[in-house]
Amino acid sequence: MHSTSTSYPKDKIKILLLEGINESAVDTFQKAGYTSITHMKGALQGDELNEALAEHRILGIRSKTQITKEVITANPQLLAMACFCIGTNQVDLERANEHGLAVFNSPFSNTRSVAELVIGSAIMLNRQIPQKNWDAHQGIWQKSHINSFELRGKTMAIIGYGRIGSQVSVLAEALGMHIKYYDIETKLPLGNAQPCETMSECLSGAHVVSLHVPATEATHYFFTDEILSSLEEHSVFINMSRGNVVDIEALKKHLESGHIRGAALDVFPEEPKSMKDTFSSPLQGMSQVILSPHVGGSTEEAQYNIGIDAASKMIRYIETGSSFGSQSIPEISLPQLEGTHRILHIHRNMPGVLSSINSALSEHSINVQGQYLMTNNDIGYVALDVPKSASAETLTALKDLEHTVRARVLF
Ligand code: NAI
């Protein structure tokens, strides 16, 4: 069991940021009063990482540093960490949860970046710029209006009306497009967008089709040859969601026949693991196809926003105990402290733990002013707001309880 008996002064909370995380993260910590920040360019692994981590309570990484069970076990002083990126595959989340280590990430800071690339691609494809660009590079002057169209007045079908799909909808409508969308959940339409009951209703009459669904069993290669055949003649097709939602060979067939006049793809069933690996796709060599290396969300602005978002989540966790956005321990959203001290107790989710917490509180006649609890399969996270005079006693009572993983007090 690892416990902290006092709120740390902010200048004593050591923060390690690796992998050249955006300066906005450093600014965010500094503005909040944290001064002990080590900001490094590269990734670290194994012993080197453990050495650098010693005494650090907060860690920020991107996608290269591997936070294995060995690293988590060797660093019980770590209170929270964040992946300053979208995914969290590089962290052993199960082990982090077991150890009560809060792991954050920033999955939605790049929404706008993806939406803008969709709109840009829709314009380019409708003007046949990929082909004209290709020709111009070969010295061919394709100065013609034939088969070049404006987006204004055309219809866009958006499949998946979540964060990105709905942003695309707003931008496309501002260009004068009609928007139809299909989502398995009921989603409030933005602007004049038209919700559709079925995917085929949505696809019917669409000049541009854009996919914004997650990778699930239901979306696994759900854009089959049959669905692609139902697209309007000469429509354009955009996929910036996940690589395994479209049958690429079928798409190639429809592109070759001209049924689909152009496509933009940013994601692929098989993507190179690093920039050193070669990329290959059946769509290479087709001048009507824009291929991009999964960069829909990769912009300077997205990195800047990720820096602020992930740092802010960790600051909230340090200062209020709020674990909102945690990918490991249970999520609770907590208000600021108001005239009380707050005990944060992470415990194994075993039968009887809560009643032993409550018995300990009543044995010491502690008057709890606010109580918040959330559990997952393995871990329970409870926050107790108690009178200032009772916090030391409460912490001592709780930290010795069986099944306690971590306990700390905020004041
Ligand atoms: P989101 O979770 O906000 O929205 C997804 C929407 O799809 C939800 O409204 C959901 O109800 C809907 N949906 C799920 N299954 C469906 C189905 N079978 N048919 C129709 N709708 C369905 O996700 P967000 O943030 O909008 O991301 C969308 C996709 O974009 C994800 O796959 C994500 O991985 C990808 N993405 C790609 C990036 C890139 O660089 N190209 C960057 C960021 C996200």
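Which atom of M240 lies 3.0 Å from a nitrogen atom of the ligand?

1. The atom is a backbone N or O atom of M240. Keep in mind that this is a predicted model.

2. R163 places a polar backbone atom 2.9 Å from an oxygen atom of the ligand. At G297, a backbone N or O atom is 3.0 Å from an oxygen atom of the ligand. The ligand exposes 870 Å² when taken alone, and the protein buries 85% of that.

3. The shell. There are 24 residues around the ligand. R163, I164, D183, V213 and D266 come nearest. By type, the shell holds 9 nonpolar, 9 polar and 6 charged residues.

4. The buried side of α10. Now look at helix α10, residues 248-257. Its buried residues are I248, A250, L251, H254 and L255. They sit on the same side of α10 because they cover an arc of only 160° around the axis. An α-helix has 3.6 residues a turn, so residues three or four places apart point the same way.

5. What that side packs against.

6. D247 caps the N-terminal end. One of its side-chain oxygens lies 3.2 Å from the backbone nitrogen of E249. Just after the helix comes G258, with a positive phi of about 85°.

How values were computed. Residues numbered from 1 in each chain as written. Predicted model: local features only at pLDDT ≥ 70, side-chain atom pairs only at ≥ 80, totals over all residues. Heavy atoms only, no water. Near = heavy atom within 4 Å. Polar contact = N/O pair within 3.5 Å; in protein donor to acceptor, adjacent residues only side chain to side chain. Areas by Shrake-Rupley, 256 points an atom, 1.4 Å probe, with all protein chains shown as cover. Nonpolar A, V, L, I, M, F, W, Y, C, P; charged D, E, K, R; others polar. Buried < 20%, exposed > 50% of the residue type's maximum accessible area, 1.4 Å probe, protein only. Helix = DSSP H or I, 4+ residues; strand = E, 2+ residues; numbered from the N terminus. Arc of directions from axis to C-beta.
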